Amino acid sequence: MIEARHLRVLRAVATTGSFSAAARELGCTQPAVSQQMKALEGSAGTPLLIRTGREMRLTQAGEALVRHASGILAGLTAAEEEIAAIAGLRAGRVRLVSFPSGSSSLVPGALAALRAAHPGTRVSLVEAEPPRSVEMLRDGDCDIALAFRYGTTAGEWDDLVVRPLLRDRLIGLVPEGHRLAGSDTVGIGDLADEPWIAGCPRCRRQLVEVCEASGFTPRIDFATDDYPAVIGLVGAGLGVAVLPELALESVRPKGARTVTVEPAVEREIVALTLPDLARVPAVAATLDQLTLAAAR
C-alpha cells in the first residue's frame with residue numbers, strides 16, 4: 001500500500017533532484033529519505049528512481065507516480081481541512097426531525113442558540129410524529145429525532161441514545177361557554193358525555209386509554225394532527241379536547257378555555273440519535289441546545 005508520507009518524500013526528491021536536498025526541505029535526515037524511498041519502491045513493486053553517480057532521475061513509473069501525487073496530496077489536505085472544520089464545529093450538517101408542537105416550541109430557540117454559537121453548522125428540519133420519526137432515524141434519513149411517548153415500552157428505544165428533555169402534561173380544553181370553563185380542575189370522567197376532538201394517532205390512543213380507565217369510551221367526532229385545528233374546533237363549540245402543554249405554547253386558544261385535567265397524564269419528550277452519531281460534534285452540540293431549550 002502506498003502511503004501519503006512516502007508520496008511527499010518522492011515529490012520532494014523529484015523537485016529538488018537529490019536525497020540530501022529533499023531531506024533539508026522536509027526537515028529530516030538523508031538516511032530517512034533513502035529509507036522511505038526504498039519502502040515506496042517496495043510498495044510500488046518497481047524502481048521509481050535511477051541513480052547514476054551524482055545524478056538522479058525518475059523512471060517512467062516514478063514520473064507517473066509524481067504526476068498523481070500532487071492531486072492525491074492536495075485531496076488529502078482538503079479532506080483533512082474539511083474534517084478539522086467539522087470536528088471544530090466550523091462546518092457540519094445535522095438533519096433534525098420533530099413532531100409539530102416540538103417544532104414550534106423547543107426547536108426555534110435551540111437552533112437559534114446553535115447558529116449563534118456555531119454559525120458554520122447547518123441544520124435542516126422536517127416534521128414527523130413518532131413512531132415514523134424514530135423509523136426515519138433508524139433508516140438513516142435523519143440524525144436526531146425529537147419524539148415523545150406515554151409511559152415506557154420495554155425495549156422500544158434500547159438501540160438508541162435517549163436524551164430526556166422534559167415531561168409534558170396534557171391540558172383540558174373546553175369552549176368558553178362550557179359548564180366547566182371556570183373550573184380550575186376537571187376530572188376526566190366529568191367529560192364522559194362530551195363530543196371529543198382528538199389529535200395524532202398516538203395521542204388519540206392515549207386519550208382512549210385514559211378515558212376507558214375512568215369508565216367510559218370517548219365519542220370522537222373529529223380527529224386531526226393539526227393542533228390549531230383542534231383548538232379552533234373546540235373554540236367553535238364542537239367538542240372538548242386534551243392537548244399537551246407544548247401545543248398550547250405557540251397557539252392562542254381563541255374561544256376556548258384551558259382546565260387542569262385529573263388524573264394527570266404526561267408524555268415524555270426526548271431527543272433520540274444513534275450511538276455513533278452521538279459522537280459527531282455537530283449532533284452533540286444540537287442535543288445540548290435542545291436540552292437547554294427544554295430547561296427554559
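Me: Before anything else, what do buried and exposed stand for here?

Reply: Buried means under 20% relative accessible area, exposed means over 50%, and partly exposed is in between (1.4 Å probe, protein chains only). Keep in mind that this is a predicted model, where local features need pLDDT of at least 70, side-chain atom pairs count only at pLDDT 80 or more, and totals for chains, interfaces and linings use all residues. Residues are numbered from 1 along each chain as its sequence is written, and side-chain values use heavy atoms, with hydrogens and water left out.

Me: OK, why is Phe 99 called buried?

Reply: Its relative accessible area is 1%, and the cut-off is under 20%, so Phe 99 counts as buried.

Me: What makes Phe 99 and Phe 148 an aromatic pair, and of which kind?

Reply: Rings of Phe, Tyr and Trp (its six-membered ring) pair if their centres lie within 6.5 Å; planes under 30 degrees apart are stacked, over 60 edge-to-face, and the rest tilted. By this rule there are two aromatic pairs. Phe 99 and Phe 148 sit 5.1 Å centre to centre with 85° between the planes, which is edge-to-face. This pair links distant parts of the chain, 49 residues apart: Phe 99 is in the loop between strand E3 (93-98) and helix H5 (100-105), while Phe 148 is in strand E5 (residues 144-149).

Me: And how do you know what kind of pair Phe 148 and Tyr 150 form?

Reply: Those ring centres are 6.0 Å apart and the planes are at 80°, so Phe 148 and Tyr 150 are edge-to-face too. Ring pairs join Phe 99, Phe 148 and Tyr 150 into a cluster. Phe 148 is buried at 0%, and Tyr 150 is buried at 14%.

Me: What makes Arg 267 count as lying over the face of Phe 148?

Reply: The rule wants NZ of Lys or CZ of Arg within 6 Å of the ring centre and within 35 degrees of the ring normal. Arg 267 lies over the face of Phe 148, at 4.4 Å from the ring centre.

Me: How do you know the span of helix H1 agrees with what it should be?

Reply: Helices (H or I, at least four residues) and strands (E, at least two) are DSSP runs, numbered from the N terminus. The expected span is 1.5 Å times one less than the number of residues. For the 13 residues of H1 (residues 4-16) that gives 18 Å, and the end C-alpha atoms are 18 Å apart, so it agrees.
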